[in-house]
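User: I have a chain to go through before setting up some calculations. Can you walk me through it?

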Amino acid sequence: MKPRQWLGVLALGLLLAPVLTAQTGRQTGIIKGMLTDASGAPLPGASVVAESPVLMGKMAAVTDENGDYRLVNLPPGTYTITASLPGFKTVKQAGVLVQVGQTYLVNLQTDASALNEEITVTGAAPVVDVQSNKITSVIATELLQNLPLSRSINGLFNITAGSAGNIAAYSGSIHGANSGSTAYEIDGVNGESPTTGGMQISPQYESIEEIEIATGGLPAQIGASGGSFISVVTKSGGNAFHGQAQTYYTAKGLNQMLFTDEELVSLGRSKPAFAKYDVDGSFSLGGPIVKDKFWFFGTLDYRQNEYTLTNVPVTLEGTDYGVFTNPTKTYAPFLKLTSQLNKDMRLYVMFNGSFTRNLYSPSYYQVFESTTRSRSNSMAVTANLNWMFGANTFLDIRGGYNNLDWSLTSQPDARDSVTKVDDYTRYTWGNKQNEEQYTIRRGETASARLTHFMDDVLGGNHEIGAGLEYVYSFDRLTVARGNPLTMHYYDGNPYAYAEQGMDRETYGDGYIQLANMGPNEGDSTKDLPGNRIGAYLQDSFSLKNRLTVNFGVRYDFYWGGFGGASSTGTDPDGLAYKMGEFVAETIGWNPYAAMTWDSIRKTMQNHTLSPRIGLSYDIFGNGKTAFKIAWGRYYEAMPVMWFSNAQASIQQNYAFNWWDDNGNHVPDDPGIDTYYPRDDYWSFVEQDLSALRLLVAGKGEQYQLKAPWNNELVLSVSHQLAKNLSVKLQYVNKLGRRDHWDTMYNVATETYLSSLQDAPAGFWVPFTTTVPAVGDWPESTVTIYVPTNDYDWDNVVWRQASNPYSKRLYNGVELTFDKRYANGWALGGSVTLAKSKSITPYDPNYVVNGWGADINDIPMAIKLFGSFRMPLDFIGSFIYRHLEGGPLNYGGNFWDKSMDVSVYVPDAWLAANDCVTWWNWIGVQLEPNGTHRQSSWDNIDFRLEKAFKFRFGTVSVFADVFNLLGNKYVYSGLNPGGVWYPDDENTSSGTRELDYYYRRVTSVSGLRTFKLSARITF
């Protein structure tokens, strides 16, 4: 590259620095190798050309003095490589499959010849990446089309080695990392939720060309990740018109119930959820606008379904409630335009949308009137400019915008009703339990990434990468509640405390909650902005095409704050506002009144430095066997929810102990009935900006809020066992620390209170009790802790900080294999043996038996998938999963809180030891998590397909069978849980109230579903 060009590239990078973002993963692949003659001597000056239907024009390179060549910037697809040199036979190798982010070694050999002859190589195409350190699984179009995946990316996540759960905002972990910490891109641009992390933008299924799921050994260009990364590459069209139309259908008659009606009656359960109908239709079309210059690809998908739910008919306060359904409608368009602007510049732009209406997460314990209506409109726009500067340098410039406009609202007839919740049976009726929400979640993204190849420098070849990025996240939340009142029942009694035998003088008859937001959309609104600037530098240093050392470092600066808020407050004539006036007599302000707030900048800010180093060695020098070792540090993303404490309290639902003095079973105004804040008056946080600022541990403060980190060590051996077949054996060790922490904090003394190590002596008062044995749960003696009443509680707040006592540890061994789709069949899968443990102590009671197996602990997982041609040109495809039972309780993410029993500390002991009375219900684990486990789980899904070829194209018909073997499961309460009422300290005497669902059936799973589809490809 000429000096003037270098200056232009540098200037462009500096100009882009303020507006750059995304994970900047590579969306293309590389083929490299050596051209030699029959004696093994290198052949310099030869022309090497790559051709593919996915490539506009051709990609060419010239072998250097060592006979080496390199073809870069290759979109995923199947290539033919042709090498020619005067005086030698032209050599051609077809069927070279390039996958996203991979580097493949293709060595070619030819003979001298005076004639214009051609050699066609039929040997195996490479399937082992001998250069990078990534642990990756790549699923291409053929398998996406053939596997029974329910047209869902989540299905791919489930068959990935080391994965647990489902990929979503609060679920889905790889190698024991926190849920939602998997970085996610669509066409090279961030597609995650700025509020919660996790996938926000899902591409239309027919638009996907290839998906790469990298589970470890990530290079430095991948940031804001717990050590895993999902990259989706969408289709781009081509030089020939092609398209597809498909329908996907199931209905009630295509669902086989595996339980008889008599069995369901005896179990006291309703039928497992099934589709009354489910219709999914899509159409796609791609091709040239101008051949080799301008391509397009578009899809349109419409889905409508109605699923039954597994809730049980119930009678509440004399009203019968039956089973109901969840109807859903989704419309999803996609369009991508790709242009070769000139021989050195390629540009594409993409639009992806999804618009859905349904019920939001209806539970077993809801009636229809208390369900939540969901309206979700999401869209993403991305652009990528790829600019080649000669054969050895290219620049990727990317930009993107993704937005989710999402409302969660009450059923119209229930909006002004009182919400009623039974804390014993867990049922909710009346209005929905939480406030209505109108949310805008927006991410604005762009990035610049420069790659330069240098040969014969310091004894080897280098692939140097450098990049800048900027991430802007924005969350606007508007909340409303037609009726602010929630009444808590216990086993049908609105006097929840009286039903449990609690002292009325101390606690009242029961308790209620009152929400503090306005009744209508737009009444109560707040903004949360977040930012991240990142930069990285890395080098892949290869010696003699055998040994590659990958090392890099990235720097990230996170900051975010509070963008201001306003609220009209509640109705001045209503109970909530009058309760606020009552509270104001003590705290000096009414939490239910109208308020406005200015913004607070940088409530959270921190810097991170992430070193990555790895080694890959081609053991035999033939590109078929590689030993890899990698170590890296990964810092997770900081979605805005993790620094949201320092914001206006416009969506609070304050709880009050309630004395129904007039005995009418209805909460009346203060003065008629008596009230006291359930969590005492210190739970009402001052709303001036200086007080709000203290609710997040800021720069330079103890336990400053920072991104959680993970240290990862990976050892692996990859081997090409046969043509198109590779096997890998890998060991992964991952240690995670510094999870987020909601902790009590004294703003006057700057003291953290939620640990024995930090709190002043005497703050936590120990109480030892012996919980009697129940079933196969043995007797357990535990010491729990209650805060003292003799403390300056007026200056105590809940603060977000980094937890110095949290820990996550994963150790796993994975055997994976991958037979690429060729010769009519493909096979992939993994066997994983792993242990995942964690602890996140929110207070000293979480330390008691706290270190143990977590939700991600699956001792053994077997995942298999494949596709194969059968007689008469039928195609069969399958997915099989076996999961050993996980721990009975959950946990594993820093927001999860798994407890075995609640201990009700005796009132007399609390008074004698001068302890607070509002901390008398204390959850505690009686044994390390994982001592009791759930049952194992198996499932096979199968597809049978038949294709008919016509002059205009191919018509395929197929049937998917989910739960082919007819497995059925009955789930029951295995943890006695409940409440332990000890008579006194240091005794096993008392009363144990078991959990309502202990040894009762909680749910059943037993459905075989058939889905029918027809597909026309042309």
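Below, the chat covers the overall fold and then one residue.

Analyst: Note at the start that this is a predicted model.

User: Fine. How many helices and strands does the chain have?

Analyst: There are nine helices and 61 strands in the chain. Its radius of gyration is 31 Å, close to the 31 Å from the globule rule for 1018 residues, so the chain is as compact as a globular protein of that length.

User: What box do the C-alpha atoms fill?

Analyst: Along the principal axes, the C-alpha atoms fill a box of roughly 110 × 65 × 50 Å.

User: And what share of the residues is buried?

Analyst: Of the 1018 residues, 60% count as buried. The chain exposes about 38800 Å², with 56% of that supplied by carbon and sulfur atoms.

User: Charges next. How far apart are the mean positions of the positive and negative ones?

Analyst: They are 13 Å apart, for 80 positive and 101 negative charges.

User: Switching to L753. Where does it lie?

Analyst: L753 is in the loop between strand 44 (751-752) and strand 45 (764-771).

User: Is L753 buried or exposed?

Analyst: Buried: the relative accessible area of L753 is 0%, and the cut-off for buried is under 20%.

User: Which residues does L753 touch, leaving out those up to four places away in sequence?

Analyst: L753 touches T743, M744, Y745, N746, A759, P760, F763, W764, Y791 and V796. As for V796, it is 43 residues from L753 along the chain, and their C-alpha atoms are separated by 8.9 Å.

Key. Residues are numbered from 1 along each chain as its sequence is written. This is a predicted model: local features need pLDDT of at least 70, side-chain atom pairs count only at pLDDT 80 or more; totals for chains, interfaces and linings use all residues. Side-chain values use heavy atoms; hydrogens and water are left out. Helices (H or I, at least four residues) and strands (E, at least two) are DSSP runs, numbered from the N terminus. The radius of gyration is taken over C-alpha atoms; the globule rule is 2.2 Å times the number of residues to the power 0.38. Buried means under 20% relative accessible area, exposed over 50%, partly exposed in between (1.4 Å probe, protein chains only). Accessible areas come from the Shrake-Rupley method with a 1.4 Å probe; for residues, only the protein chains shown count as cover. Lys and Arg count as positive and Asp and Glu as negative; His and the chain ends are not counted. The place of a charge is taken as NZ of Lys, CZ of Arg, CG of Asp or CD of Glu. Contact means heavy atoms within 4.5 Å.
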